[in-house]
Amino acid sequence: NPNDFIDVFEAEKVLDMLIGDVSGKGLGSALVSARMKVGFQVLSNSNNTLEHNISHLNRLLCMGATPGIFCTMFIARYYASKHQLDFVSGGHNKMLLISPKGDKTWLSAEGLPLGIFDDIEYKLNSCSVSAGSLLFLYTDGCTEAQNIKFELYGEERLIEYLDKTYREDVEVIKNGLVQELQEFSVGQEQSDDITFLMIRLK
C-alpha cells in the first residue's frame, strides 16, 4: 500500500521496527512513503539513537516537503539481550504490547507528525518486555475500518479479537485479523489504508 509503510531491520540481537502513515493520496504521498523507508533503512544500519533517527527523518521530510503532506510515524527498537523495548512516536496512534499472560500495555508517546516543523525534539520511551510478548503496530485504517452502518471497527473490537488470539502463531493472528476486517467492512468501500505489523518478541 503506497501511503502506509512498514519496515523491520535486524542486526546483532537488536530489532528496529517502523510503521507510518502519509497524509493525502497520489504520487506525492507515495514518494514520501518511499523516502521514509529508505531513510529508516540507512539510519538503522548505524549506531544512532531512535530520537536521532526520527529527527533526521523529520528534517529530511521538511527539506523536500510537498505542501500539505506530512506523516505520522512510530519507531521501536527491541534489545533481545535485556528484554527492553525503546520507542518514539511522531504523532502516531498508540501501539499495543501483549504479554504471554495477556496483560496489555498501550505504547503511547508524545510527538508531532513529521514534515511540519524541522526542529522538533522527540522523546525516547522505554519499557521492559517479557519474552514471548506480542507487539502489534498498526495504522488508524485498522480501527477506522467502517461497516455498511458507518460504524468503526474501533479499539474495542480489536482488543476483543486479540484477547482471543494472542497466544496463536503470528501468521494465524494476522490472517484472522485480515479476514475479520474484511467481513466487518463487506459492502463498504474503505477510505483509508489498512496496515499492521505483528512480531513475537523472543
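The legends below accompany several close-up views of this predicted model.

**View 1. Helices α1 and α2 cross one another.** Helix α1, which runs over residues 27-44, and helix α2, which runs over residues 50-63, have axes that come within 10 Å and cross at roughly 145 degrees. As α1 passes α2, the crossing is right-handed. On the α1 side the contact is made by Val 32, Arg 35, Met 36, Gly 39, Phe 40, Leu 43 and Ser 44, and on the α2 side by His 52, Asn 53, His 56, Leu 57, Leu 60 and Leu 61. Sorted by class, the residues in this contact of α1 with α2 are 7 nonpolar, 5 polar and 1 charged.

**View 2. Helices α3 and α4 pack together.** The axes of α3 and α4 are 11 Å apart, and the two helices pack at an angle of about 145 degrees. Their crossing is right-handed. From α3, the residues that make the contact are Arg 157, Leu 158, Tyr 161, Leu 162 and Thr 165, while α4 brings Val 172, Ile 173, Gly 176, Leu 177, Glu 180 and Phe 184. By class, this contact of α3 with α4 has 7 nonpolar, 2 polar and 2 charged residues.

View 3. Helix α4 covers residues 170-184, and at 1.5 Å a residue its 15 residues should span 21 Å, which agrees with the 21 Å between its end C-alpha atoms. Val 170, Ile 173, Leu 177, Leu 181 and Phe 184 are the buried residues to look for in α4. The buried residues of α4 pack against β8 (133-138), α3 (154-165) and β9 (196-201).

**View 4. Arg 157 sits in helix α3.** Apart from neighbours within four places in sequence, Arg 157 is in contact with Glu 151, Leu 152, Glu 180 and Phe 184. Glu 180 is 23 residues from Arg 157 along the chain, and the C-alpha atoms of the two residues are separated by 9.9 Å.

**View 5. Asp 7 sits in strand β1.** Strand β1 runs over residues 4-11, and Asp 7 counts as buried because its relative accessibility is 13%. If residues up to four places away in sequence are not counted, Asp 7 touches Asp 16, Met 17, Leu 18, Lys 37, Phe 40 and Gln 41. Asp 7 and Glu 121, which are 114 residues apart in sequence, lie 23 Å apart in space, C-alpha to C-alpha.

**View 6. His 83 and Phe 150 are found in loops.** The loop between β3 (71-79) and β4 (84-90) holds His 83, whose phi is near 50 degrees, a positive value in a residue other than glycine. His 83 is partly exposed, with a relative accessible area of 31%. Phe 150 lies in the loop between β8 and α3, and its phi, near 65 degrees, is likewise a positive value in a residue other than glycine. Phe 150 counts as exposed because its relative accessibility is 58%.

Key: Residues numbered from 1 in each chain as written. Predicted model: local features only at pLDDT ≥ 70, side-chain atom pairs only at ≥ 80, totals over all residues. Heavy atoms only, no water. Axes fitted to C-alpha atoms, helices over the stretch in contact; angles between N-to-C directions. Helix = DSSP H or I, 4+ residues; strand = E, 2+ residues; numbered from the N terminus. Left-handed = near helix turned anticlockwise from the far one by under 90°. Contact = heavy atoms within 4.5 Å. Nonpolar A, V, L, I, M, F, W, Y, C, P; charged D, E, K, R; others polar. Expected span 1.5 Å × (residues − 1). Buried < 20%, exposed > 50% of the residue type's maximum accessible area, 1.4 Å probe, protein only.
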